[in-house]
Amino acid sequence: MKFLVFGAGVLGCNLANNLFRAGKDVTLLARGAWVEEIRSNGLRIKNSLSRRTAVSPVPVAAELSPEDAYDVIFVAVRYTQIETILETLRASRAKTIIFVGNNVRASETAALLPEKNVLFAFTSAAGHRESKYVDSVDLRKITVGPLRDAPSQEELVQKIFSETKYKVAYEPNMEDYLLCHAAFVLPAVFACYKTDGNLKRLKKDNAYLNRLIDANIEGYRAIRNAGHEILPDADKEFEGAAYRKTCFRFFKLMCATVLGKICASDHAMNAVDEMSALNRDMKAFFDSTGAEYPVWQALEAECGRYLS
């Protein structure tokens, strides 16, 4: 199989690197000076924790042409950029398109590519890109699958990730998975914007951390009440004390350690447009279902200049 990773941010670079190191026939599509940097010096990925740098001679391209013979295209661009590349994807020879990353309109996205086999994925990598390398942490975990009620893609997913070091979770209902992910992540984004990216300012503010959990629960409640599934399964009892305790520990750790910068604030501060669009579309979903979300709205109002 021949793969293209369309997008050379943190997610795309880590994905291309992992596929390449597993011996896959993969090309990374990049833009601007980043293309020549990778061609000249290889794809350089520095581990944010160990500070070790891995260098891989991943093939790189500057564009996707209709005649390019790829079997699978991983789309690893920002949520706000998806619409701008749909015509290019439609014209490609690839039969399978896998969108990697945030998306709260998965059904609408898939509907715009009716002749393609569309899947969605979320990978556990975070960090930021410098001019000559990617600085990130990659846990090599990926959740991937189609929309609910679509034909099973499990065999294809196993084939794609065979011999890689990824821990693969096949999820047959990625639309609801991504909705739930956004309902969990966006309150953390609000915290990043409230502190101008310095989450350590909140490490002793237990009242605020509990408001983040309240907002997350509002989101989950709206998703459930609209007939969607709460995913992953571990979050199904989101209104219970055990869930709140687990979330509080997570947010506390996020605000007290460097993990908050690596896993939350780096991306939030460098992708304000994406986070604003996700928040806009998540609120549109809440409003369309008649949900109430006062804590969410109050936290959003404290984000200052960041969210429109």
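## Helix 6 against helix 9

In this predicted model, the axes of helix 6 (residues 174-194) and helix 9 (residues 259-270) approach to within 9 Å and cross at roughly 70°. Because angles of 65 to 115 degrees count as roughly perpendicular, helix 6 is described as roughly perpendicular to helix 9.

On the side of helix 6, the residues that meet helix 9 are Val-189, Cys-192 and Tyr-193. Their partners in helix 9 are Ala-264, Ser-265, Ala-268 and Met-269. The residues of this contact divide into six nonpolar and one polar, with no charged residue.

## The nonpolar cores

The largest nonpolar core has 72 residues, and within it Ile-73 and Met-282 touch the most other members. Helix 6 gives the most to this core, contributing 15 residues. Apart from this core lies another one, of 32 residues, which includes Phe-3, Ala-16, Val-26 and Val-72.

The surroundings of Ile-73 can be listed in detail. With neighbours within four places in sequence left aside, Ile-73 is in contact with Leu-4, Phe-6 and Leu-64 among others. Further contacts of Ile-73 are Leu-89, Ser-92, Ala-94, Thr-96, Ile-97 and Ile-98.

## His-181 in helix 6

His-181 also belongs to helix 6. Its relative accessible area is 18%, and since buried means under 20%, His-181 is classed as buried. Leaving aside neighbours within four places in sequence, His-181 is in contact with Asn-102 and Phe-122.

## Met-254 in helix 8

Met-254 lies in helix 8, which spans residues 241-256. With a relative accessibility of 7%, Met-254 counts as buried. Beyond its neighbours within four places in sequence, Met-254 is in contact with Ala-188, Leu-199, Gly-260 and Ala-264.

Met-254 and Tyr-177 are 77 residues apart along the chain, and their C-alpha atoms are separated by 22 Å.

## Asp-281 in helix 10

Helix 10 (272-288) holds Asp-281. This residue is buried, with a relative accessible area of 13%. Not counting residues up to four places away in sequence, Asp-281 touches Tyr-79, Val-104 and Arg-105. In sequence, Asp-281 and Arg-105 are 176 residues apart, yet from C-alpha to C-alpha they are 7.9 Å apart in space.

## From helix 10 to helix 11

The loop between helix 10 and helix 11 contains Thr-289. At 36% relative accessibility, Thr-289 counts as partly exposed. Thr-289 is 73 residues from Asn-216 in sequence, and the two are 17 Å apart in space, C-alpha to C-alpha.

Helix 11 covers residues 294-301, and its buried residues are Trp-296, Leu-299 and Glu-300. Viewed down the axis of helix 11, these buried residues fall within an arc of 100°, so they line one face of the helix. An α-helix has 3.6 residues a turn, so residues three or four places apart point the same way. What covers the buried residues of helix 11 includes helix 6, helix 7 (206-225) and helix 10.

Note on methods
Residues numbered from 1 in each chain as written. Predicted model: local features only at pLDDT ≥ 70, side-chain atom pairs only at ≥ 80, totals over all residues. Heavy atoms only, no water. Axes fitted to C-alpha atoms, helices over the stretch in contact; angles between N-to-C directions. Helix = DSSP H or I, 4+ residues; strand = E, 2+ residues; numbered from the N terminus. Parallel < 35°, antiparallel > 145°, perpendicular 65-115°, else oblique. Contact = heavy atoms within 4.5 Å. Nonpolar A, V, L, I, M, F, W, Y, C, P; charged D, E, K, R; others polar. Core = buried A, V, L, I, M, F, W, Y, C linked by side-chain atoms within 4.5 Å. Buried < 20%, exposed > 50% of the residue type's maximum accessible area, 1.4 Å probe, protein only. Arc of directions from axis to C-beta.
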